Amino acid sequence: VLSHPTPSLQRRTSTMFKKFDPSEDVSTSTQVKASVQRGIKSQIHASHPNLGEAVLDELLPKKPPLVQYKIGPHLMLYCKQSPDKGGDEPVFFQHRDGPILPTLKFVHTYPKVEFTSVTVDKGAIPFLLGGANVMCPGLTNPGGEMPADVEEKNGLEKGDGVVIYAEGKELPLAVGMMTMSSRDVRKKNKGNGIEVSHFLGDGLWLTEEIQ
């Protein structure tokens, strides 16, 4: 039995940042108020409980404040100001009212920071690098890994944001949002388990800074 469907049977690929071009796709920018930045940190902590207040303050210091860029009608990109570089560095993003997700470059910069994460098996890697969503077998096959479900508590809930690692790879390849709980992924073991928002090699990955 094939652990992964052929590309034609894969769920749709992520288009959020696949062809992202900051020179054309960014419409407005706003400096984030202190109260809003506290709210952003609170949301990040809720999605990634291992990131304590001290870690978040180091990752996202109060000064200089974040800059919020609007991309299309429903996407926000949060950037750290980089006066030395002359532009702003993308660090987190949010689609509609979904989870606030880190950019891959930001995660790669801080490899020891424990973001909420999953691991897919080797067979899922080429699909993931093509921007495909993660199918349940990629998480349940040998080599795949998710937080454990303990009694009535799910390791991951539907709508949770996750950083996606791959079997045998040290650094993550994508980030996305759970389309079902980890318990349901294990139970159903078919269909789409994670909607991928951003992946290695997409337009956001290729963006060093926004000016």
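So, a definition to start: buried means under 20% relative accessible area, exposed means over 50%, and partly exposed is in between, using a 1.4 Å probe and protein chains only. By that rule Glu 208 is exposed, at 53% relative accessible area.

Quick word on the source. This is a predicted model, where local features need pLDDT of at least 70, side-chain atom pairs count only at pLDDT 80 or more, and totals for chains, interfaces and linings use all residues. Residues are numbered from 1 along each chain as its sequence is written, and side-chain values use heavy atoms, with hydrogens and water left out.

Okay, salt bridges: a side-chain nitrogen of Lys or Arg within 4 Å of a carboxyl oxygen of Asp or Glu. How many does the structure hold? There are 3.

Back to Glu 208, which pairs with Lys 105, with the closest N and O atoms 3.0 Å apart. Glu 208 lies in the segment after strand 10 (192–199) and Lys 105 in helix 4 (residues 104–109), so this pair ties together parts 103 residues apart in sequence. Helices here (H or I, at least four residues) and strands (E, at least two) are DSSP runs, numbered from the N terminus. Lys 105 is partly exposed, at 22%.

Next, Lys 41 and Asp 57, at 2.8 Å, N to O. Lys 41 is in helix 2 and Asp 57 in helix 3, so parts 16 residues apart get tied together. Lys 41 counts as buried at 11%, while Asp 57 is partly exposed at 34%.

And then Asp 149 with Arg 186, at 2.6 Å between the closest N and O atoms. Asp 149 sits in the loop between helix 6 and strand 8, and Arg 186 in helix 7, 37 residues apart.
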